[in-house]
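Please keep the sequence and the three-dimensional view at hand while reading.

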Amino acid sequence: MKLDIKALGTFYEMAREGAGLAAGRLTRMTGVETRVGVTKLNFMRGSEIQKEFDDDTDKVGVRVELSDGIDGHSVIVFDRESALRVVSTLLDDTGDEFDDMSRSAVTEVGQIMNAGFIDGWADVLETGIDVETPEFVEGRTAMDFIGDLDEAPDADDFALLFQSKIEAVDTEIEFRHYLFPERESMAAVLDRHRDPNSIGIEYDKLAAFDEMAKQGAKEVASNITTLTGIETEVEVRKLNFASLEAIPEEIDDEMLVGVAHELDGNPSGYLLFLFDESSAREVVEATVPSPPDDEFGDLGVSAIKELGNIMASGFIDGWANVLGTTIDHSPPEYIHDYGAAVIDPVVIQLGEDQEFAFVFDTVMRANDREFDCSIYAIPNQDDLERALNELDVDKVADAETKADVSIDELENA
């Protein structure tokens, strides 16, 4: 299966259109004001999808089987408390258990929302999509919701997954939407919407490149542990395809500290490492012999920037080794700003040449300390396409991901 930026862009618009229709229908049915949150095309391993479901919370869902225009399953998943709030808006029912009437109410809401998504997809794809009878599902794990679906990926499989988030305004109703398309059906739709002048990206090569990014993230975690003594591990790995304007929506609304690097080579692009302020303080205290009272003064900034050099090399050296290219990164640019402001300059710069981007999105966490580090790698889409067409998938498993900057250099800086 070949991926094409134009076709993926069509799919992205399809997802946005469907989310808008679903939000409007939820508002009309319940009287709850809603807005469309983040919409993404996620390329995820089955193991990562399972982690999203297996979060130790009770959930309620409604799923429908699709055929004709797209084969697969559309699934709406509420946390249990949100589902009960939906029931209370429809039935004035304040109970905390699901009886036949409340199940019917949730199923009806889920069916109407699923229909909104599906109608939006059909409009964009200019095709009909058949829908089977909705099914009410409840449980706590991925097995409960998608374990019996043929198109749900196994742990090591690399799957294209549609995710949308609709937020209820001033009401605590939370849910997620997933589309699990059947692979051959998805390939056929992608092929119909491809740009005939595009080389395209082999699906298996994108999966291999995702694995390279994962290896790079593990190397970054290892370097942080060696340098700071803070035991870190990669907790979340996703490859997102989204419009550039949607990327800032993913950034937490809090003060962030970090570094940005511009990449020069094949592929070019940008690489950002972002810490919340408490994590940045941990870094400074662990790397500066006599930490200053102001962790974000000259000494603290220098420590974070030098750590950025180590992390950047650890992340991209494996890419260059496997691709047989040279990828240089600029000196680290220090960032200390609120929320989306940390990434807006990158989005503006990339937006001069492209509308969409693949974003390698990783979060690393420490088990016993207040420490998070988010990594955003955003390659130039034309460079990425060229690089992947030259990628030898067999080399990925043997990729070297060691940094070309010695940690000793940082410790002696």
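Phe117 and Trp121 both belong to helix 4, where four residues, about one turn of the helix, separate them. Helices (H or I, at least four residues) and strands (E, at least two) are DSSP runs, numbered from the N terminus. The model is predicted: local features need pLDDT of at least 70, side-chain atom pairs count only at pLDDT 80 or more, and totals for chains, interfaces and linings use all residues. Residues are numbered from 1 along each chain as its sequence is written, and side-chain values use heavy atoms, with hydrogens and water left out.

**Aromatic rings**

- The structure holds 14 aromatic pairs; rings of Phe, Tyr and Trp (its six-membered ring) pair if their centres lie within 6.5 Å, and planes under 30 degrees apart count as stacked, over 60 as edge-to-face and the rest as tilted.
- One of these pairs joins Phe43 and Tyr203, a tilted arrangement with 6.3 Å from centre to centre and 55° between the planes.
- Because Phe43 is in strand 2 and Tyr203 is in helix 7 (residues 203–228), this pair ties together parts that are 160 residues apart in sequence.
- Phe43 and Tyr203 are buried, where buried means under 20% relative accessible area, exposed over 50%, and partly exposed in between (1.4 Å probe, protein chains only).
- The ring centres of Phe117 and Trp121 are 6.2 Å apart and their planes stand at 40°, so this pair is tilted.
- Both Phe117 and Trp121 are buried.
- One aromatic cluster is formed by Tyr12, Phe43, Tyr203, Phe241, Phe356 and Phe358.

**Packing of helix 3 against helix 4**

- Helix 3 (residues 80–91) and helix 4 (residues 100–125) have axes 9 Å apart and pack at an angle of about 100°; axes are lines fitted to C-alpha atoms, for helices over the stretch in contact, and angles run from 0 to 180 degrees between N-to-C directions.
- That angle makes helix 3 roughly perpendicular to helix 4, a term that covers 65 to 115 degrees, while angles under 35 count as roughly parallel, over 145 as roughly antiparallel and the rest as oblique.

**Strand 3 and its partners**

- Seven of the 10 residues of strand 3 (residues 59–68) are buried, so this strand is largely enclosed by the rest of the structure.
- Eight bridges pair strand 3 with strand 4 (residues 72–79) in the antiparallel sense; two strands pair if DSSP finds at least two bridges between them.
- Strand 3 and strand 4 form a hairpin with three residues between them, and Gly61 has Val77 in strand 4 as its bridge partner.
- Strand 3 also runs antiparallel to strand 6 (residues 135–139), with five bridges, and here Arg63 stands opposite Glu135.
- Three bridges join strand 3 to strand 5 (residues 129–131), again antiparallel, and Ser67 has Asp130 as its bridge partner there.

**Two buried residues**

- Arg45 is located in strand 2 (residues 34–45) and is buried, with a relative accessible area of 13%.
- Beyond its neighbours within four places in sequence, Arg45 is in contact (heavy atoms within 4.5 Å) with residues including Asp156, Asp157, Asp210 and Glu211.
- Ile247 is found in the loop between strand 10 (232–243) and strand 11 (255–265) and is buried at a relative accessible area of 5%.
- Leaving aside neighbours within four places in sequence, Ile247 is in contact with Ile343, Val347, Ala357, Val359 and Ile378.
- The C-alpha atoms of Ile247 and Asp344 are separated by 8.9 Å, although these residues are 97 residues apart along the chain.
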